[in-house]
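Work through the exercises below with the model open beside you. Try each task before you read its solution.

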Protein chains: 2
Amino acid sequence: MRMSADSDPAAAAGAIARGLRESGGVDVLVIGPRAVNQTVKAIAVARGYVASNGVDAYFVPSFSTIRVAETSEERTAIRFSVRTRHGAFTGTVPGESGESA
Amino acid sequence: MRMSADSDPAAAAGAIARGLRESGGVDVLVIGPRAVNQTVKAIAVARGYVASNGVDAYFVPSFSTIRVAETSEERTAIRFSVRTRHGAFTGTVPGESGESA
């Protein structure tokens, strides 16, 4: 998934938590200081979501080159590889339909 | 340690790598989007430093309230807990005296 500076951190946190549950890991690609900041906050919130399932999430940052679709320009992005110590797991996370967060 | 928006990421990366080697973990406290961005970059670089010692570093973000010394004002900071899967380790990291990075 990609985050922008305008992404809603709460919605992004839900998407990260669901990705962790379903596949045990999510990669988030971001460009720019504000988007990096939003992503770190979203991961901190997502950690709280999955902690209620007894899941311990962490992440690993790395640099990545991506090509911007609109301009074909190459940019250096930060890749956040979000993982758990447990792999995929069962349980609900906030933001899913039919569930009140 | 604390990072500000003006901290040098390369110097910070060296400090993080040394902290990982000496004690197996470092906590970095930051306030503000630009400082968060600098810290994420510094951690990505520090990961490369310690990877040459076979050490796999990761980190965990959380929110933290800190009191700013100058004004006694309370601010919400991001705490980056940087850890390795191995605890402390031996080896040199770039930025130490007598060693060329």
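This is a predicted model: local features need pLDDT of at least 70, side-chain atom pairs count only at pLDDT 80 or more; totals for chains, interfaces and linings use all residues.

Residues are numbered from 1 along each chain as its sequence is written, chains are lettered from A and ligands numbered from 1 in the order in which they are written, and side-chain values use heavy atoms, with hydrogens and water left out.

**Exercise 1. Find the rotation that superposes chain B on chain A.**

Step 1. Two copies of a chain are related by a rotation about an axis and a shift along it.
Step 2. Here the rotation is 180°, the shift along the axis is 0.0 Å and the RMSD is 0.0 Å.

**Exercise 2. Describe how H1(B) packs on H2(B).**

Step 1. Locate the helices (DSSP runs of H or I, at least four residues, numbered from the N terminus). H1 of chain B spans residues 9–23 and H2 of chain B spans residues 33–51.
Step 2. Their axes are 8 Å apart, at an angle of about 55°. Axes are lines fitted to C-alpha atoms over the stretch in contact, and angles run from 0 to 180 degrees between N-to-C directions.
Step 3. H1(B) and H2(B) are therefore oblique to each other. Oblique is what remains after roughly parallel (under 35 degrees), roughly antiparallel (over 145) and roughly perpendicular (65 to 115).
Step 4. List the contact (heavy atoms within 4.5 Å). Among its residues are Ala13(B), Ile16(B) and Leu20(B) of H1(B), and Ala42(B), Val45(B) and Tyr49(B) of H2(B).
Step 5. By class, the contact holds 13 nonpolar, two polar and no charged residues. Ala, Val, Leu, Ile, Met, Phe, Trp, Tyr, Cys and Pro count as nonpolar, Asp, Glu, Lys and Arg as charged, and the others, Gly among them, as polar.

**Exercise 3. Describe how H2(A) meets H2(B).**

Step 1. The axes come within 8 Å and cross at roughly 80°.
Step 2. H2(A) and H2(B) are therefore roughly perpendicular to each other.
Step 3. Pro33(A), Val36(A), Asn37(A) and Val40(A) meet Pro33(B), Val36(B), Asn37(B) and Val40(B).

**Exercise 4. Classify the ring pair of Phe59(A) and Phe80(A).**

Step 1. Rings of Phe, Tyr and Trp (its six-membered ring) pair if their centres lie within 6.5 Å; planes under 30 degrees apart are stacked, over 60 edge-to-face and the rest tilted.
Step 2. Over all chains, four aromatic pairs are counted.
Step 3. The centres of Phe59(A) and Phe80(A) are 5.2 Å apart and the planes stand at 45°, so the pair is tilted.

Conventions
Copies are superposed by least squares on the C-alpha atoms of residues with pLDDT of at least 70 in both. Helices (H or I, at least four residues) and strands (E, at least two) are DSSP runs, numbered from the N terminus.
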